[in-house]
Amino acid sequence: TIEWQLNEGILLENPSNRARLAGLMRYPSTKTMEGHLTSLADYVTRMKAGQKDIYYVTAVTSPLMERCKREGVEVLFMKKPDDVRTMLLLSNFKNKKLRNLGEAALAFQGIPNTDGDFTPLCETIRKILQGKVHCVILSGRLVQSPCAVSEG
């Protein structure tokens, strides 16, 4: 398919062609209708005032999207492993960072991930889950969900 060929081009081509190929990529998003796709360039034109990054997620539903949904921030859906690898390799588009909402350390829209008043709770959970999880942090991305599992 053309999507596969574009992904392969970005993954394997020399860096000078990546930006041109990235402009041709299309993804489903929270702002497109079912079955429709959007380009990174179109995403940038719809960005909220003050938004600095392009956000994507590897699942169609995730509690990590709650803050985005509440604030009307568009999220792209990466449905194939090659899509995620492409995003990692590109790292930015038109001076906007490509940010995976699944990254544990991601500070959404500059909202820091700190334990704050919940330090004792986070420490207790770290002890209970020691060896089973990489880290336990509070996240500005969650609005209604008590917790979420994210990538390291």
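Phenylalanine 118 lies in the loop between β6 (96-100) and α6 (119-128). The structure described here is a predicted model.

**The nonpolar patch**

Phenylalanine 118 has a relative accessible area of 47%, so the residue counts as partly exposed, a class that runs between 20% and 50%. Together with Leu121, Ile125, Ile128, Leu129 and Val133, Phe118 makes a nonpolar surface patch of about 510 Å².

**The second largest pocket**

The second largest pocket has a volume of about 190 Å³. Its lining consists of Thr30, Lys31, Thr61, Ser62, Met65, Glu66, Cys68, Lys69, Gly72, Val73 and Val75.

Methionine 65, one of the lining residues, is found in the loop between β3 (53-57) and α4. Its relative accessible area is 12%, and methionine 65 is therefore buried, since the limit for that class is under 20%. Valine 75 also belongs to the lining. Methionine 65 and valine 75 are ten residues apart in sequence, and their C-alpha atoms are 7.7 Å apart in space.

**Two residues described above**

| Residue | Relative accessible area | Class |
|---|---|---|
| Phenylalanine 118 | 47% | partly exposed |
| Methionine 65 | 12% | buried |

Key. Residues numbered from 1 in each chain as written. Predicted model: local features only at pLDDT ≥ 70, side-chain atom pairs only at ≥ 80, totals over all residues. Heavy atoms only, no water. 1 Å grid on protein atoms, 1.4 Å probe; cavity = no way out; pocket = protein on both sides within 12 Å on 5 of 7 lines; lining within 4 Å. Points joined across faces, edges and corners; volume = space filled by probe spheres on them. Patch = residues over 30% accessible without salt bridge, like charges linked within 9 Å, V, L, I, M, F, W, Y side chains within 5 Å. Areas by Shrake-Rupley, 256 points an atom, 1.4 Å probe, with all protein chains shown as cover. Salt bridge = Lys/Arg side-chain N within 4 Å of Asp/Glu carboxyl O. Helix = DSSP H or I, 4+ residues; strand = E, 2+ residues; numbered from the N terminus. Buried < 20%, exposed > 50% of the residue type's maximum accessible area, 1.4 Å probe, protein only.
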